Amino acid sequence: MEDVRKALLNEKKNGFDIVSKEDAIAAESFCDGYKTFLDRAKTEREAADAAVSILTAAGFTPYKRGMKLEPGAKVFSVNRGRAVAAAVIGSEPVEAGANITAAHIDAPRIDLKPVPLYEDSEMAFFKTHYYGGIKKYQWVTIPLELHGVMFKADGERVDVCVGADEDDPVFVITDLLPHLAREQTQKPAATIFTGESLNVLAGGSPYADDGSDRYKLAVMSLLNEQYGVTEKDFLTSELSFVPGGRARDVGFDRCFVGAYGQDDRVCSYGALIALAQSAQIPQHTSICILADKEEIGSEGVSGMQSAWYDTFMQDICSGAGAEYRIFCENSRCLSADVGAAYDPNFPEAYDKRNSPAVNGGVQLMKYTGSAGKAAASDAGAELVSKIRTVFERDGVLWQVGELGKVDYGGGGTVAKYLANRNIDTVDIGVPVLSMHSPFEVTAKLDVYMMYRAAKSFYTL
Ligand code: MN
Ligand code: MN
């Protein structure tokens with residue numbers, strides 16, 4: 001009877017009961033590197049820089065148009081400092097298609113408005129405009145760091161990073177004390193904080209004269225002292241508040257990683273390391289795309305809908321004498337983005353049978369989307385089957401899953417933008433708890449299996 005059960009039923013097991021001891025140890029040390037990456041990469045620009053360091057150390061060189069690309073060539077290109085694509089040329093003709101992983105390096109955060117600085121009641125504040133899907137109440141009363149770039153009147157670029165160093169000050173959005181919050185706490189969560197109320201405390205000592213705007217001026221003079229900038233330079237800046245603090249182990253057993261921005265730097269890191277460590281000459285060309293702007297619909301020049309990604313792949317094709325449309329037709333893509341791990345504190349939101357479990361391995365998602373699969377890229381079962389075969393051959397711990405209950409909400413990834421290019425695409429990712437919060441949680445075993453999955457996929 002037991003044999004029949006084993007042969008016929010798809011029994012769900014905890015990953016620790018399946019993987020080898022070596023894999024559990026490897027997961028631990030892989031996550032040390034991952035946590036360092038997270039601490040270096042709190043914005044897409046910082047993530048792009050960190051990715052370039054990893055690629056350069058692995059022998060990749062910047063792609064230059066006109067380069068002849070022989071099998072084994074390793075090149076990368078950076079899209080305006082905010083996105084990266086890298087390739088290793090395979091032994092098969094490039095026209096035979098590539099194995100492409102595509103993840104994103106932007107994450108929800110609180111951006112500054114173009115005219116951010118003001119004073120009120122003898123304090124200085126920044127006006128903000130949040131980026132991506134956030135539950136606003138999670139972003140108040142936590143330490144925030146300020147990261148980004150500013151351009152001065154003469155065009156000189158200044159990199160700003162305040163709060164990452166232990167001796168740095170941090171910033172905060174204040175909240176009303178419970179004693180006076182009887183009315184506030186009766187409101188629905190979505191309306192307790194409005195976008196316009198996410199004002200960040202920036203200073204409180206007055207400028208030493210008796211003129212106007214003394215609190216605002218005091219902050220501006222400190223910024224001028226440190227960075228040489230004026231208030232007008234905010235107009236030509238990209239500044240974001242991101243959660244303070246480093247990536248940490250979570251739990252007595254250190255089973256989890258807790259950190260900001262794991263959606264989707266967890267898949268970005270795994271896919272990137274798999275490419276960086278890929279075979280000297282893979283059979284098929286391997287490509288890793290780390291895109292920007294996924295959290296707001298993959299729009300604009302650095303988002304996955306941009307022709308920049310086509311240009312990169314077209315350049316690869318012309319460097320190897322291949323036709324782009326035939327290359328796309330023969331390519332496959334793993335759209336690597338996080339999934340919603342089953343959380344027993346909110347059973348009402350999940351179909352437990354079809355939700356990924358923490359420590360269950362990477363999650364294959366045949367489709368994403370919402371309400372009747374709207375806006376989904378639905379992968380063909382043929383591709384899912386091919387991937388299942390290599391994952392099982394290579395001992396990749398994997399599971400399937402959807403994003404919560406049908407009609408409860410939903411979400412998309414970059415998958416459909418690759419699929420629209422006539423590239424067979426399937427979603428894969430690491431299950432996350434508290435997704436889009438300032439402190440997202442992943443299981444180390446799943447983080448490691450994302451890397452193993454990408455490595456296995458590159459052999460397709
Ligand atoms: Mn994502
Ligand atoms: Mn997201």
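Biologist: At what angle do helix α2 and α6 pack?

Modeller: This is a predicted model, in which local features need pLDDT of at least 70 and side-chain atom pairs count only at pLDDT 80 or more, while totals for chains, interfaces and linings use all residues. Residues are numbered from 1 along each chain as its sequence is written, chains are lettered from A and ligands numbered from 1 in the order they are written, and side-chain values use heavy atoms, with hydrogens and water left out. Helices (H or I, at least four residues) and strands (E, at least two) are DSSP runs numbered from the N terminus, while axes are lines fitted to C-alpha atoms, for helices over the stretch in contact, with angles running from 0 to 180 degrees between N-to-C directions. For helix α2 (residues 21-40) and α6, the axes are 10 Å apart and the packing angle is about 125°.

Biologist: What does that angle make α2 relative to α6?

Modeller: Here's the scale: under 35 degrees is roughly parallel, over 145 roughly antiparallel, 65 to 115 roughly perpendicular, and the rest oblique. So the word for α2 against α6 is oblique.

Biologist: And is the crossing of α2 and α6 left-handed or right-handed?

Modeller: You compare the near helix with the far one: turned anticlockwise by less than a right angle is left-handed, and clockwise is right-handed. For α2 and α6, the crossing is right-handed.

Biologist: How many nonpolar residues are in the contact of α2 with α6?

Modeller: Contact means heavy atoms within 4.5 Å. From α2 you get Phe-30, Gly-33, Tyr-34, Phe-37 and Leu-38, meeting Gln-262, Arg-265, Val-266, Tyr-269, Gly-270 and Ile-273 in α6. Ala, Val, Leu, Ile, Met, Phe, Trp, Tyr, Cys and Pro count as nonpolar, Asp, Glu, Lys and Arg as charged, and the others, Gly among them, as polar. On that basis there are three polar residues and one charged, and the nonpolar ones number seven.

Biologist: At roughly what angle do the axes of α6 and helix α11 cross?

Modeller: α6 passes α11 (residues 444-457) in a right-handed crossing. Their axes come within 8 Å, and the crossing angle is roughly 45°.

Biologist: How many charged residues are in the contact of α6 with α11?

Modeller: α6 brings Val-266, Cys-267, Gly-270, Ala-271, Ile-273 and Ala-274, while α11 answers with Val-447, Met-450, Tyr-451, Ala-454 and Lys-455. Sorted by class, nine are nonpolar and one is polar, and the charged count is one.

Biologist: On to the metals: which residues are the protein donors of the manganese ion (ligand 1)?

Modeller: Donors are N, O and S atoms within 2.8 Å of the metal (3.2 Å for Na, K and Ca), and water is not among the atoms, so sites may look incomplete. The donor residues are spaced H-x158-D-x73-D in sequence. At 2.1 to 2.5 Å from the ion sit one NE2 and three OD donor entries, two of them from Asp-337, and the residues are His-104, Asp-263 and Asp-337.

Biologist: Which residue bridges the two manganese ions?

Modeller: The two ions lie 3.3 Å apart. The bridging residue is Asp-263.

Biologist: Are Asp-263 and Asp-337 buried or exposed?

Modeller: The cut-offs are under 20% relative accessible area for buried, over 50% for exposed, and partly exposed in between (1.4 Å probe, protein chains only). Asp-263 and Asp-337 are both buried.

Biologist: Which peptide bond is cis, with omega near 10°?

Modeller: Look in helix α6, where Asp-264 lies. The cis bond runs from Asp-263 to Asp-264.

Biologist: What separates the C-alpha atoms of Gly-97 and Phe-327?

Modeller: Gly-97 is in the loop between β3 and β4 (98-104), buried with a relative accessible area of 0%. Phe-327 is 230 residues away along the chain, yet the C-alpha separation is 4.6 Å.

Biologist: What is the relative accessible area of Arg-80?

Modeller: Arg-80 lies in the loop between β2 and β3, and has a positive phi of about 55° although it is not a glycine. Arg-80 is partly exposed, at 47%.
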